[in-house]
Amino acid sequence: MPAKSIMIQGTASDVGKSMICTALCRIFSDDGFHVVPFKSQNMALNSFVTADGGEIGRAQGVQAEAARVVATTDMNPILLKPKQDMMSEVIVHGKHFLNMDAKSYRNNFVQEAMPIVEKSVRTLQNTYDVIVLEGAGSPAEINLKDRDIANMRMAHLADAAVVLVADIDRGGVFASIVGTLALLDDDERARVKGLVINKFRGMRELLDDGLAWVERETGIPVLGVIPYVDVNIEAEDSLALSSLRFKKPKRGEFAVDVAMIRLPRISNFTDIDPFFDEPEVGVRLIGHVYELGTPDLLILPGTKSTMDDLAWLKEQGFDQALHHLRERGTKIIGICGGFQMLGETLLDPEAVEGNGESAHGLGLLPMETIFVGNKKTVQMTGTRGQDTLTGYEIHLGRTKILRDEVSPFLQLEDGREDGAVSRDEQVIGTYFHGLFHNRTFTRQLVNEIRAKKGLAALPSDVKSDAERREDAYNMLAEHVRANLDMKKIYEILALEVSV
């Protein structure tokens with residue numbers, strides 16, 4: 001018997017579809033069902049590496065973990081990673097396929113993608129009890145609808161009941177619901193079995209008249225009003241990055257000041273998430289040199305276009321500023337593309353990153369990077385001293401050390417060495433994404449900075465990242481279950497369960 005399918009669509013981007021899908025994956029799993037997430041086409045700056053080296057959207061990796069299943073590329077067969085204006089890398093079943101502009105993708109590739117997507121759906125239907133599908137943006141983008149393979153076309157393909165989610169925090173929630181439904185075709189609207197209002201703040205009784213009106217107007221029941229909740233679960237795109245401005249500390253407010261440069265083509269920015277959990281640590285996102293100050297730790301993050309973002313850093317004056325920061329005692333860590341920028345020379349003979357030109361790096365580490373077309377995506381385990389660290393690698397390019405002024409950062413379990421550390425350990429570069437999610441390492445790093453400033457060390461016993469994620473999934477599931485009519489959802493799906 002094919003799996004039952006429920007699809008979470010939204011009235012707009014960033015209404016909370018991913019979070020609700022994550023909650024449902026954990027709820028269905030808790031209730032004894034073999035559940036799996038699915039998103040046909042995902043555009044995301046943050047990605048997840050599967051056990052077999054495939055690259056999928058980070059949201060589906062997170063949802064798979066919440067569902068207690070191993071992530072596979074069938075859960076997100078097509079991933080688009082923005083590289084430059086109107087240009088994205090197209091990843092099919094976890095592997096680089098080609099780089100394509102938006103017009104070519106829409107006109108030439110979308111129809112080719114349908115057999116790929118359908119095969120993944122059928123595989124999941126024959127393997128699991130329940131599929132939780134996630135839509136993209138809005139299903140009512142009438143200018144894109146004929147080539148939209150992420151919303152109602154998927155609902156029809158999987159025979160999914162659709163729940164439409166609207167974000168009340170941004171205002172106009174009832175107009176967004178009614179307007180979205182008005183722009184759907186009759187067969188699409190018939191698939192919408194329930195409405196959810198997300199990110200609610202305030203007194204619920206003040207909303208009741210509006211809920212009654214929208215049910216009368218649409219004929220579709222409101223299945224829940226989900227109060228706003230801040231759950232520590234990784235985000236998938238740059239819309240979520242903008243919300244970090246609310247966590248920006250005032251200068252001098254925290255004992256340890258961590259700054260990350262917000263590159264124009266930043267990727268996998270979830271690398272810094274653990275610092276938000278560290279006591280007395282403030283995190284700042286820096287877009288201009290004048291915002292730098294003198295942080296204790298500066299992070300140069302990953303990027304989808306190292307050469308372009310390196311040119312931007314120089315135009316903004318960050319190249320000189322980073323040298324001054326090092327002289328003033330700031331520790332500098334570059335990850336992936338940020339690591340490549342720290343070197344002396346970057347070569348692009350195959351025009352992988354652009355037009356084939358070479359560039360001078362920031363000159364903080366004696367190394368050279370050559371970009372090659374074969375993209376490396378792999379989960380990683382490495383050791384540094386007595387610590388064993390886990391993470392993942394996603395990059396184009398091979399980096400070699402030019403002089404023995406540095407030592408390797410990690411010894412990897414496959415025998416390779418990763419990264420580089422300057423003799424004074426003030427500058428570190430690594431391809432190792434997820435470094436700071438190794439919480440003991442991060443606490444040691446924070447305590448190293450605290451000791452340098454004459455501050456007492458924080459306790460060394462910290463909860464692991466896996467334990468923190470489990471706590472977050474359980475908390476989110478409990479929160480959503482308490483505010484969502486799960487009994488009605490099970491009725492819609494014709495599934496029997498005690499709730």
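**Values and definitions**

Reader: Why is Arg26 called buried?

Author: The relative accessible area of Arg26 is 0%. Buried means under 20% relative accessible area, exposed means over 50%, and partly exposed lies in between (1.4 Å probe, protein chains only). Arg26 is therefore classed as buried. This is a predicted model, in which local features need pLDDT of at least 70 and side-chain atom pairs count only at pLDDT 80 or more, while totals for chains, interfaces and linings use all residues. Residues are numbered from 1 along each chain as its sequence is written, and side-chain values use heavy atoms, with hydrogens and water left out.

Reader: What makes the contact of Arg26 and Glu470 a salt bridge?

Author: A salt bridge is a side-chain nitrogen of Lys or Arg within 4 Å of a carboxyl oxygen of Asp or Glu. For Arg26 and Glu470 the N to O distance is 3.0 Å, so the pair meets the criterion. Helices are DSSP runs of H or I with at least four residues, strands are runs of E with at least two, and both are numbered from the N terminus.

Reader: Why is Glu470 called partly exposed?

Author: Its relative accessible area is 30%, which therefore falls in the range between buried and exposed.

Reader: How do you know which class Lys145 belongs to, buried or exposed?

Author: Lys145 has 19% relative accessibility and therefore counts as buried. Its side chain meets that of Asp185 in a salt bridge at 3.6 Å, N to O. Asp185, at 41%, is partly exposed.

Reader: What makes Arg326 and Asp424 a link between separate parts of the chain?

Author: Their closest N and O atoms are 3.1 Å apart, in a salt bridge. Arg326 lies in helix α10 and Asp424 in the loop between β28 (420–422) and β29 (427–430), so the pair ties together parts that are 98 residues apart in sequence. Arg326 counts as partly exposed at 26%, and Asp424 is partly exposed at 42%.

Reader: How do you know where the buried residues of α10 lie?

Author: In α10 (residues 318–327), Phe318, Ala321, Leu322 and Leu325 are buried. Seen down the helix axis, they fall within an arc of 100°, so they line one face of α10; the arc is that of the directions from the axis to the C-beta atoms. On the other side, Gln320 and Glu327 are exposed.
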